[in-house]
Amino acid sequence: MDYIVEMLNIRKEFPGIVANDDISVNLKKGEIHALLGENGAGKSTLMSILFGLYKPDKGQIKVNGQVVNINNPNQANDLGIGMVHQHFKLVHNFTITENIILGLEPKSGLFLNLKEASEKIRKLSEKYKLNVDPDALIENVSVGMQQRAEILKMLYRNAEVLIFDEPTAVLTPQEILELIKIMRNLTEEGKSILLITHKLKEIKTVADRCTVIRRGKMIGTVDVKDTSTADMAEMMVGRVVSFNVDKKEQEAGEIVLDVKDLSVLGSHGVRTLKNFSFSVRSGEIVGIGGVDGNGQTELVEAITGLKKIESGSILLESKDISDYSIRKRITSGMAHIPEDRHKHGLVLDYSLEENMVLEVYNRSPYAKNMFLNKSEIRKHADKIIDDFDVRSGEGPVTITRSMSGGNQQKAIVGREVDHNPNLLIAVQPTRGLDVGSIEYIHKRLIEQRDSGKAVLLVSLELDEILDLSDRIVIIAGGEKVGTVNASETNENEVGLMMAGVGKGDTP
Amino acid sequence: MKIKINKQLYIGLISVLLGLIAGAILMAFTGNNPFLGYSYLFRGGLMNIERIGNTLATATPLIFTGLSVAFAFKTGLFNIGASGQMLFGGLCATAVALTFNIPRELLLPLMMMAAILGGGFWALIPGLLKAKFNVHEVVSTIMMNWIAYWTIYYSVPAFFKGEFLETESRSIPEFASLKAEWLTNLFNGSFINYGLFLAIASVVIIAIILNKTVLGFELKAAGYNRFGAEYAGMRVDTNIVLSMVIAGALAGLGGATYYVGYASNIQIGVLPTLGFDGIAAALLGGLNPYGVMAASIFFGIFHSGKGFMNAMTSIPPEIGDTIIATIIYFAATSVLIERAMAIVSKKVKGEN
């Protein structure tokens, strides 16, 4: 038998939900096997079982043909299973070598033998073409190299099976290409890879086989080269998915949002946004593209009033709003779909109807002489629920905490669009949502644009930016790298700019 | 909504039941008959009209402090300073009572106003500290407790020294007391006073503020999710101060019902435990104003009944406090009860 790992008929139940229902995955030696499914489909649970974080209720795991019990990650390591987590587990002020040996420090007498370790790591890095400097401090190296350090950590521990959990979420397109090369090198050297992802394009380029999971159930395992992206999407979602965003040609109108020389201090007193200027006109979608943590959050917080600006100006329909309170900005015609729907977007312990008036509860008709007008609030919620197809257990009185992420997000989008804003700021509007909800929210954003509103879209998903935007402003290191027209650019150009390689402004 | 209230009610009742069972085990362990013990405990609190009056009078300040803690909790603040606010509010009311010689119809409202302002002021300081400098209110309200304690310690002997004792203030004149002749007579000479009506009114007003008004919507939003409230354009810092002041005013008024209602003077060197018992009442009441009132009256029965139990049996009165503590323990760990309820209801459903 040439399977290196077999997970057979795995079942795992959590209170109220079957996360994995009779799932079997077989990993051949030397293959890249993708695990495809929407958020919450059960991919992570399955991998956590393999990595020893959960115990399965039913089913068995075989490694090299032997039935094994994996009770904790150390046992998984001993069996040659390693995991590259989505969020790296690295000590920032340690060198790469120090991070890699953490837990298995080589000693000579009482002292650490760093030199030997460093040498071993250098050799591994060369063998798999990882291009890692073992003596560099983590805080000084790029995200891509941090990820490669994580990979080295596994190789140093002699892992034969590597699990990658959504490895491309934090990378620029160029870094993704590099990672794909590295994964190929690894398999050529005999390693086997399990790749968790919901990005079909990556699977198509890199994986050999693909197992699709939907709502905890296994849909099937397919050979990637014989299956089209559309077919895999259909397996993942359970229906035909349209990938194309319909967008009609349209001339942009007046400038609605004009940001000039904006500088903002970050949380540590460092200037995280530097002299940033751009504008959004009515009837267009402007996308802000960039790798996570390059100043997007600060930009949005400055525009919406959550953060004070250091210098510069923000003009909304020619009025300087940089001193306005958040409420005054809202009443001036700004709406904001926030990046973190749980932290900012909703009061999770409030009911859906209460959340739908979160910004307007004190205005007529929702308030009358300091009292809430519950029947008007109910009507308002019913309208948004109808218009935006928000599904929940008990309708307007559902506590929002109990709703699914997709429906929470639809509710927020509904609330913000219902304010009929001149400027709609949408930050990561589809983060963590299933394909169906993504399609729907994209349609709604384009509707806003088509009806002559200005839309500012901030997203880490490059595809989303490219598909929806009319113009794209690229941000790197808190500075504007350039502006491009979406119809005249491509992933490669934007990717390079995201990495900080400049380009002249196109007007 | 209905389901949620019922769930809170069940949790409260189950906590009480578990607490009583634990108390019974303790009584049996000390060699006493628990049934006899409980019968004397409840008879001590409820057996005649006078004792019922005393139970209600004991519960009155507790309703206020419980309401104060619950209100602050609902708006995301932990007010441990109800004792200090109560003490200072009580001092203000006493000071007015001992200073002004005006008709009762004017004096009583003036005293109550003084108590509300005093308590509110005592909570204003931690509120400002939290809003401006992010000083945690648990720390600052505890400090304010001791500032109140020492303020009373020096100001009472200096300005309102008692006739016989240095350690307490003069007694307030009868016409300045919240006790009323008709009420005292109705309850056969018990301590019951107008404070109870103030308490009931406060419960209703706070319930309305929290559930029906724009202000309550805003304060609760900040309590549940400060960042969400900020995002929605609410002025969270102002609301923190306002919440603290309202909580303090409630505790201050509670102080008035204690020092110029239940008692008739103010003692120095005593930090009333009612402020902390208020946390217990708030928790057992599930932070619901009406629940807080019910919990406070229930605790009132224990406080006024434990002496009788001790007199009639050899059960020490501390058992009463232990039972209350146990009930609080169960109420505070209500998540466990909730889970147990979920499992039970699942099983029941499964069998059907």
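Me: How do you know that the span of helix α6 of chain B agrees with its number of residues?
Reply: The expected span of a helix is 1.5 Å times one less than its number of residues. Helix α6 of chain B, residues 137-159, has 23 residues and should therefore span 33 Å; its end C-alpha atoms are 31 Å apart, which agrees. Helices here are DSSP runs of H or I with at least four residues, strands are runs of E with at least two, and both are numbered from the N terminus.

Me: What kind of model do these values come from?
Reply: This is a predicted model, in which local features need pLDDT of at least 70 and side-chain atom pairs count only at pLDDT 80 or more, while totals for chains, interfaces and linings use all residues. Residues are numbered from 1 along each chain as its sequence is written, and chains are lettered from A and ligands numbered from 1 in the order in which they are written. pLDDT is the predictor's confidence in each residue, from 0 to 100. Chain B averages 89, and 96% of its residues score at least 70. The model has an ipTM of 0.82 and a pTM of 0.77.

Me: Which residues of α6(B) are buried, and what covers them?
Reply: A residue is buried if 20 or more other C-beta atoms lie within 10 Å of its own, exposed if 12 or fewer, and partly exposed in between, with C-beta atoms placed from the backbone. In α6(B) the buried residues are B:E137, B:S140, B:T141, B:M144, B:N145, B:A148, B:I152 and B:V156. Their cover includes α4 (82-99), α5 (104-133) and α11 (236-262) of chain B. An α-helix has 3.6 residues a turn, so residues three or four places apart point the same way.

Me: What makes chain B as compact as a globular protein of its length?
Reply: Chain B has 15 helices and 0 strands. Its radius of gyration is 21 Å, close to the 20 Å that the globule rule gives for 352 residues, so chain B is as compact as a globular protein of that length. The radius is taken over C-alpha atoms, and the rule is 2.2 Å times the number of residues to the power 0.38. Of the 352 residues, 51% count as buried.

Me: Why is A:K58 called partly exposed?
Reply: A:K58 has 13 C-beta neighbours inside 10 Å, so it counts as partly exposed. This residue lies in strand β4 (residues 58-63) of chain A. Leaving aside neighbours within four places in sequence, A:K58 is in contact with A:N9 and A:R11; contact means that the C-beta atoms, placed from the backbone, lie within 7 Å.

Me: Why is A:P173 called partly exposed?
Reply: A:P173 has 18 C-beta neighbours inside 10 Å, so it counts as partly exposed. A:P173 is in helix α6 (residues 173-188) of chain A. A:P173 and A:E491 are 318 residues apart along the chain, yet their C-alpha atoms are separated by 7.5 Å.

Me: What kind of peptide bond joins A:S364 and A:P365?
Reply: The bond is cis, with omega about 0 degrees. A:P365 is in the loop between α12 (352-356) and β19 (367-368) of chain A.

Me: How many residues does each chain bring to the contact between them?
Reply: Chain B brings 15 residues and chain A brings 23 residues. On the side of chain B, α9(B) gives the most, with 5 residues.

Methods:
Contact = placed C-beta atoms within 7 Å.
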